[in-house]
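I open this notebook to record what I looked up in one structure.

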Number of protein chains: 4
Amino acid sequence: MSKRYGYLGPTGTFTEMALRQSTQLATDDEHVSFVSVDAALAALRAGDLDAAMVPIENSVEGGVSATLDALASGDPLVVVAEQVVPITFVLAVPVGVGLADIRTVSTHPHAWAQVRAWMGTHLPDVQYLPGASTAAAAAGLSLENPPYQGAVCAPVAAANHGLTVLHEDIGDNNGAVTRFVLVARPGQLPAPTGADKTSVVLFQREDRPGGLLELLEQFAARGINLTRIESRPNGGRLGDYCFSIDCEGHVNEERVGETLMGLQRVCAQVRFLGSYPRADGIEAHVLAGTRDDEFVHARAWLNSLRNPQG
Amino acid sequence: MSKRYGYLGPTGTFTEMALRQSTQLATDDEHVSFVSVDAALAALRAGDLDAAMVPIENSVEGGVSATLDALASGDPLVVVAEQVVPITFVLAVPVGVGLADIRTVSTHPHAWAQVRAWMGTHLPDVQYLPGASTAAAAAGLSLENPPYQGAVCAPVAAANHGLTVLHEDIGDNNGAVTRFVLVARPGQLPAPTGADKTSVVLFQREDRPGGLLELLEQFAARGINLTRIESRPNGGRLGDYCFSIDCEGHVNEERVGETLMGLQRVCAQVRFLGSYPRADGIEAHVLAGTRDDEFVHARAWLNSLRNPQG
Amino acid sequence: MSKRYGYLGPTGTFTEMALRQSTQLATDDEHVSFVSVDAALAALRAGDLDAAMVPIENSVEGGVSATLDALASGDPLVVVAEQVVPITFVLAVPVGVGLADIRTVSTHPHAWAQVRAWMGTHLPDVQYLPGASTAAAAAGLSLENPPYQGAVCAPVAAANHGLTVLHEDIGDNNGAVTRFVLVARPGQLPAPTGADKTSVVLFQREDRPGGLLELLEQFAARGINLTRIESRPNGGRLGDYCFSIDCEGHVNEERVGETLMGLQRVCAQVRFLGSYPRADGIEAHVLAGTRDDEFVHARAWLNSLRNPQG
Amino acid sequence: MSKRYGYLGPTGTFTEMALRQSTQLATDDEHVSFVSVDAALAALRAGDLDAAMVPIENSVEGGVSATLDALASGDPLVVVAEQVVPITFVLAVPVGVGLADIRTVSTHPHAWAQVRAWMGTHLPDVQYLPGASTAAAAAGLSLENPPYQGAVCAPVAAANHGLTVLHEDIGDNNGAVTRFVLVARPGQLPAPTGADKTSVVLFQREDRPGGLLELLEQFAARGINLTRIESRPNGGRLGDYCFSIDCEGHVNEERVGETLMGLQRVCAQVRFLGSYPRADGIEAHVLAGTRDDEFVHARAWLNSLRNPQG
């Protein structure tokens, strides 16, 4: 049966590229574009989608707040796959427009932040008009009388809209990548592969000194490495944070399970955001004493202490 | 001698309000508006300003990346004061426009994120046009043929541009505040008050497991509470972070000094962003064994061990 | 059916007093004295005894090495009860002997250490002859031509052998107590009472820096207080230690069970020495997040994550 | 000028051997034997000695309580050198006595503990008579009508008293060694060598949960390894301990100095027992970030933060 996937649109965004690259897709799957992360995840929660691809982290700009916040509240959703996409920006213009004609450029604010140095050198006097997405900026150039003359977008978006690429690779950071996650309603977990990540959002029981330290010690005590940590405001007063964390390992593994239970006991709330294979395939580093068989053996040993007659 | 202060403009932004509220200002001081945090801090670094007021943290939206990143690199700057301003949004329109006439609304993306629920209820079909600032969105409505009919902005910006306020307090979060910092070139430190904060950016020596834990233990070992922690990408590969941290206390205090030295020894780089009085005036919690006189006493004792004949 | 209990003899030792005070004894139980802790525990291991009372810790002299080492190797034994006995020493002599007649005094070395100040004041020139026990020193005075004229012993031992008590309460430390443990072969565990101790011996996996810190963190991570810690040589090279530890709580409690499993995973060996009611009846301090019901709830929550369809 | 050294006697003890092996001795130095550690250290405190050699730790029997306790209270003394001596026991008898003639054996209790297995095999029915030292047991055999027929002692003690050695190397543990320390009144510290130890006794501020953990973290935070840790009763109630600790490094080194200051701030009392070259010459492991030049650099950096104009 074909599936229905949402993504942060419009056509031509890096998010769509991430969705296309995802190995889970079949040829007859349906792709639906949404104007915002919130809209895509709302449709997913409503049952209109099987899954949605959204950006979560950029190597230059950091965490994508809209995604982090949308996953941290509302009906539970879980990540089932991740995709890392190199980010390459082009300067696209309508046919016939030259560099000297550009007085205003539009693109998504995150993209703008990543081409600032190039713009400072090549178009020092250009004005910036924020766009809803890089692809929307490109699309706008194909309308009549656009209020800007150039768009910073992905190569595919320039091609989609018949634009001319004046310059390729104008990003200030050559190795820039964005990490996207495929999100679904809770259901069958992806099977452990030995190279997995687990994502959680941790809400502290109270605003106590050393609180974050205590949470990190729950991971450290079981030898688990973190691959990402973001603090996000709780929506309450200044300084009231929750922590969005990715760690190595799969919830079905013993050391991850015990860590999650430990967090659940000391946190006000632990929101589980899924266990899924890492895009880079790097196997988890498992410290001596934290392998599954060592947990199983320890449990059997404990049972023998508790039931010495058995 | 009058001073020259920069701020994230235009006139009517919350940043200007923060600057006006700052108790350090004299009546003949000059206020200069800038189109971006980067521009304001560049002018400050160039010596064109005595100080600049910029937003650093919002209780709903989190850290302000542009400010965090601009402080974390380039010539050193330090925070010399902080200001916390309640954020109140109004829906402003040109005279004669009613709610039913609004098809498109403009504002800064952060502001948009904070009025989403209100918009979903009252203007569910409205389109969003990103603006460079809340004040710029208000200003745009006074131009001829603006591409939008409503602006989300501060009350003062609506007043500045002769707009009608259709609705007050449309923020989804009533207690929302933004924290602003007054930044200067390194010079005379503000004197310790007993209710101070110290800000640093920590770059880890390598991407090692438990790295953040090790850094936090440097604070914990001297009984120092953190009031803010943000991870920011280093601009390198995914997962390569630095940490922007505010902690209680003043660099001139012994426990803070020893903590900074400890961090400096184990980090690749520690960037000092200043010690300054807290806006809320809350006195630092000083654990037994970490008072200045206890450090002085311990040092005298150590000297007596090293020079037993003395 | 009557039971057979061993103790460190001879009759009149504080160990026998501890055994008599033990509430577990029936009137027809048999008490057997042994010349050493090793001998008593060997008989217990051989099945000749139901249990044995041995000293483990003195408030002045510290851990009793013979007991600690005998429990740490050989066939497993577990503590099933503890008894704390105030230690009161008397100076006993044969009938007719006066203070001025005493040139040599005998007692156990631990007892001698606890009356040194008294001796320095009242018998500054007396010679010390080590005895196998305080009671043996008393017994020796009833033999013909003993090589000493006074014994430091318990009041009961003086009475047993018809000796005269020249001085009572000659201990340098008025509140001195010794803690005794009733040891048995592994079998039915004493039921948890809420005021229990658990004893273990921990052998580190290798001689690694920070090794003890890592072990203590296993306790701290589950909020468990230690009541005693002793390092004992492993019998190998200098600096090669095992750790004999008592902690609050019962092995059947979740937080203690998880701690023991954690220790078992990171140690070369964990030797379980029993869970038993505290002699002082002080209830364990249970931190928020470490109650049994919180562990049970966390486990159910983890299961729901692992089986989201269930 | 010749010096006067005390030691735990009599002649022929392992302690005397340690003193003779010490490289610090000149040929005209005077050696004075004492009947107890307490007596030797009292003479040292009174100014009658320049230094005293006493046993502190045995690889089989553990810490020597008399030495640990004598150093932990009273006028300050410091360790200025250490010596590690292999412990070899012989079974010595008067001329003409054979194995079959031995019904009772005398020696120091620590020595007896180390030959138990040999005795169990070769003299299973022998009685044990505690002696004040191994050398005293040997000396006793040269008196008229001794109450025992064999002594367990060092080879040199057997030779000193003209005894016959029936069996050599009867210790159960072939590699057994005892560590001795040369103690002096506080004065000129031995110069740092890069392979030093520092000894301290730590008294906790109160009996608080996690207290030992907090103390160990002071060492760990500066990357300092412990080589020995003993808990000793404070002489107060059961469970009231102080900790006798040896760590790598010299008090004149920055990381050790900061650790000692940290301990001094959080402890009720820190008793410094000296910094001295290790007998085994093993160089201290110095973690990145804890070298002296890194501390010096960190301090200069902190000063530049505090005095930005300078």
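The entries below begin with the model itself, then take up the interface and the sheet.

**Entry 1. The model.** I note that this is a predicted model, in which local features need pLDDT of at least 70 and side-chain atom pairs count only at pLDDT 80 or more, while totals for chains, interfaces and linings use all residues. Residues are numbered from 1 along each chain as its sequence is written, chains are lettered from A and ligands numbered from 1 in the order in which they are written, and side-chain values use heavy atoms, with hydrogens and water left out.

**Entry 2. Extent of the interface.** I looked up the contacts (heavy atoms within 4.5 Å) and found that 34 residues of chain D touch 34 residues of chain B. I then looked up the buried area, which is the accessible area (1.4 Å probe) that two parts lose on being put together, summed over both. For chains D and B it is about 2900 Å², and carbon and sulfur atoms give 60% of it. Arg265(D), Trp301(D) and Arg306(D) supply 24% of the area that chain D buries against chain B, more than any other three residues.

Entry 3. I searched for salt bridges (a side-chain nitrogen of Lys or Arg within 4 Å of a carboxyl oxygen of Asp or Glu). The rule finds four across the interface of chain D and chain B. I also recorded a salt bridge between the side chains of Glu258(D) and Arg265(B), at 3.7 Å from N to O.

**Entry 4. Elements on the side of chain D.** I listed helices (H or I, at least four residues) and strands (E, at least two) as DSSP runs, numbered from the N terminus. The elements of chain D that give two or more residues to the side touching chain B are α9 (254-266), β15 (267-277) and α10 (292-306). Of these, α10(D) gives the most, with nine residues.

**Entry 5. A sheet in chain B.** I traced an open sheet of four strands with antiparallel pairing, in the order β13-β14-β12-β15; two strands pair if DSSP finds at least two bridges between them. Its edge strands are β13 (226-233) and β15 (267-277) of chain B, each pairing on one side only. Seven bridges join β13(B) to the antiparallel strand β14 (residues 241-248) of chain B. Arg232(B) stands opposite Cys242(B) in β14(B).
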